[in-house]
Amino acid sequence: MFDIEFDFVDHQLRIRTDDGGTRLVALEPKPVATFYSEVMQALGELGIETEIQSTPNEVDPAIPFAEDYEHASYDAESVHLFWRQLVRADRVMQEFRSHFIGKVSPVHFFWGAVDLACTRFSGRAAPTHPGGAPNCGDWVMEEGYSHELSSCGFWPGGGDEGAFYSYAYPEPEGFADYPVGPAGAFYSQENGQFLLPYEAVRTAPDPDAALMEFLQTTYDAAAAHSGWDREDLEHDPERWDHRR
């Protein structure tokens, strides 16, 4: 067994095996092709035979890693700040997730769009997704969106400091007009989802409460307009506190 960890404090890619083997690859300015070669070499030195999809997805153009000498930047300070954003967003999103007892994804990170996400499902089938994500098979989107959902997350787009987002699939009538909070949240016609700039949360008197309000009210927009069976899908995670 082995694991690969991105360390955004010491800026190293750390590879460890169950027999104590370790290799480090520096996270620093270098071409993607160089980084890819160093990672594969480190895996080989540890006796790990594995295949990694050799081209990125959800981007266009998708330059194969081994051939990408165009992208070579690495801003350690910015990477560290982004990691801290993810850590803080994860904490609140985990709390939000705990209020739902239906099918719900873990809070997880998508490498394609570089976003942290959590998705709730109503349990009902959805119309076939049209696909269209660059360099990503339509079947992937069809599978991911096979059932009605409300999804939220955080990604570095949508604002100067990134943005929180929330959308529904399929989007019900009236969804975009639902009153959501906190101040600063809005529905983006361009993106087909609600957005809340990270700076609006960071500068709020209670950032956690501001983000939770956004996650809850945008979910309300999806659940209310799509007629979710909320009584069976939602619960208060603190309902047993008085018995402890």
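Which residues form a nonpolar patch on the surface, with about 250 Å² of accessible area together? Val9, Trp83 and Val87 do.

This is a predicted model, where local features need pLDDT of at least 70, side-chain atom pairs count only at pLDDT 80 or more, and totals for chains, interfaces and linings use all residues. Residues are numbered from 1 along each chain as its sequence is written, and side-chain values use heavy atoms, leaving out hydrogens and water.

**View 1. Val87 in the surface patch with Val9 and Trp83.** Look for Val87 in helix 2 (residues 76-97); helices here are DSSP runs of H or I with at least four residues, and strands are E runs of at least two, numbered from the N terminus. Val87 is partly exposed, at a relative accessible area of 40% (buried is under 20%, exposed over 50%, partly exposed in between, with a 1.4 Å probe and protein chains only).

**View 2. Asp7 and the backbone of Val9.** Asp7 sits in strand 1 (residues 2-7) and is buried, with a relative accessible area of 12%. A polar atom of the Asp7 side chain lies 2.9 Å from the backbone nitrogen of Val9.

**View 3. The largest nonpolar core, with 31 residues.** Such a core joins buried Ala, Val, Leu, Ile, Met, Phe, Trp, Tyr and Cys residues through side-chain atoms within 4.5 Å. Met93, Phe154, Phe164, Phe175, Phe214 and Leu215 have the most contacts inside this core. Helix 5 (207-226) is among the elements that each supply at least two of its residues, and gives the largest share, seven residues.

Terms used: Patch = residues over 30% accessible without salt bridge, like charges linked within 9 Å, V, L, I, M, F, W, Y side chains within 5 Å. Areas by Shrake-Rupley, 256 points an atom, 1.4 Å probe, with all protein chains shown as cover. Salt bridge = Lys/Arg side-chain N within 4 Å of Asp/Glu carboxyl O. Polar contact = N/O pair within 3.5 Å; in protein donor to acceptor, adjacent residues only side chain to side chain.
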